[in-house]
Amino acid sequence: MLFASRPSCIKRLLVVEDDPLVAFDNERTLKHAGYDVVASVDSGEAAVVLLASEQVDALVLDLALAGDMTGREVARVARDRGIAVLLVTGKCPDDAGDIALACLNKPHSAAALIGALRAIETMICQNKAPRKVSGLQTYWRPEAA
């Protein structure tokens with residue numbers, strides 16, 4: 001747990017991914033990095049239920065999900081509740097900046113996933129632009145001082 005003692009404003013994550021192997025790998029990587037993974041779910045409907053009942057600081061969210069609800073819809077629900085969204089998808093959509101703080105392209109390494117979350121932490125916890133992470137697009141808008 002190399003990163004576990006590092007102070008962070010993002011502690012509790014929800015992984016929303018319809019591929020069970022990717023979800024398992026992401027959850028394992030995030031737990032090893034010191035995050036508390038509330039759950040891994042494969043549908044937007046399950047994600048929204050958890051967002052209503054659990055304290056979640058950020059979503060690690062794929063756009064293609066099981067069920068009828070899309071990743072975009074889940075991202076909008078999270079955004080409206082003040083929850084940070086990291087899209088993790090095969091191709092970042094043109095409107096990603098409207099629904100997320102950052103978008104990480106698949107496939108990605110464990111280090112890139114952790115780096116992407118650290119970038120989001122820099123944006124929301126320190127209100128500054130993050131360092132560059134391979135495969136990551138950020139949509140940082142500094143808050144007014």
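Helices (H or I, at least four residues) and strands (E, at least two) are DSSP runs here, numbered from the N terminus. The structure is a predicted model, in which local features need pLDDT of at least 70 and side-chain atom pairs count only at pLDDT 80 or more, while totals for chains, interfaces and linings use all residues. Residues are numbered from 1 along each chain as its sequence is written, and side-chain values use heavy atoms, with hydrogens and water left out.

We can start with the pockets. A pocket is an open set of points on a 1 Å grid over the protein atoms alone, where a 1.4 Å probe fits, with protein on both sides within 12 Å along at least five of seven lines; its lining residues have an atom within 4 Å of a point. At least two lining residues come from each of strand S4 (84–89), helix H4 (96–99) and helix H5 (110–125), with H4 giving the most, 3 residues. By type, the lining divides into 10 nonpolar, 3 polar and 4 charged residues, where Ala, Val, Leu, Ile, Met, Phe, Trp, Tyr, Cys and Pro count as nonpolar, Asp, Glu, Lys and Arg as charged, and the others, Gly among them, as polar. The second largest pocket, of about 200 Å³, is lined by 10 residues, with Gly115, Arg118, Ala119, Thr122 and Arg131 nearest its centre.

Next comes the interior. A nonpolar core is a set of buried Ala, Val, Leu, Ile, Met, Phe, Trp, Tyr and Cys residues joined through side-chain atoms within 4.5 Å; buried means under 20% relative accessible area, exposed over 50%, and partly exposed in between (1.4 Å probe, protein chains only). In the largest core, of 25 residues, Leu14, Val16, Leu59, Leu61, Val85 and Leu87 touch the most other members. A second, separate core of 24 residues includes Leu30, Ala33, Val88 and Ala102.

Finally, the structure holds 2 disulfides, defined as pairs of cysteine sulfur atoms within 2.5 Å. One joins Cys9 to Cys125 (S to S 1.5 Å), linking the segment before S1 to helix H5 across 116 residues. The torsion about this S-S bond is about -70°, so the disulfide is left-handed. Cys9, at 36% relative accessibility, counts as partly exposed. The other disulfide joins Cys92 to Cys103 (S to S 2.1 Å), and both of these cysteines are buried.

Notes:
Points joined across faces, edges and corners; volume = space filled by probe spheres on them.
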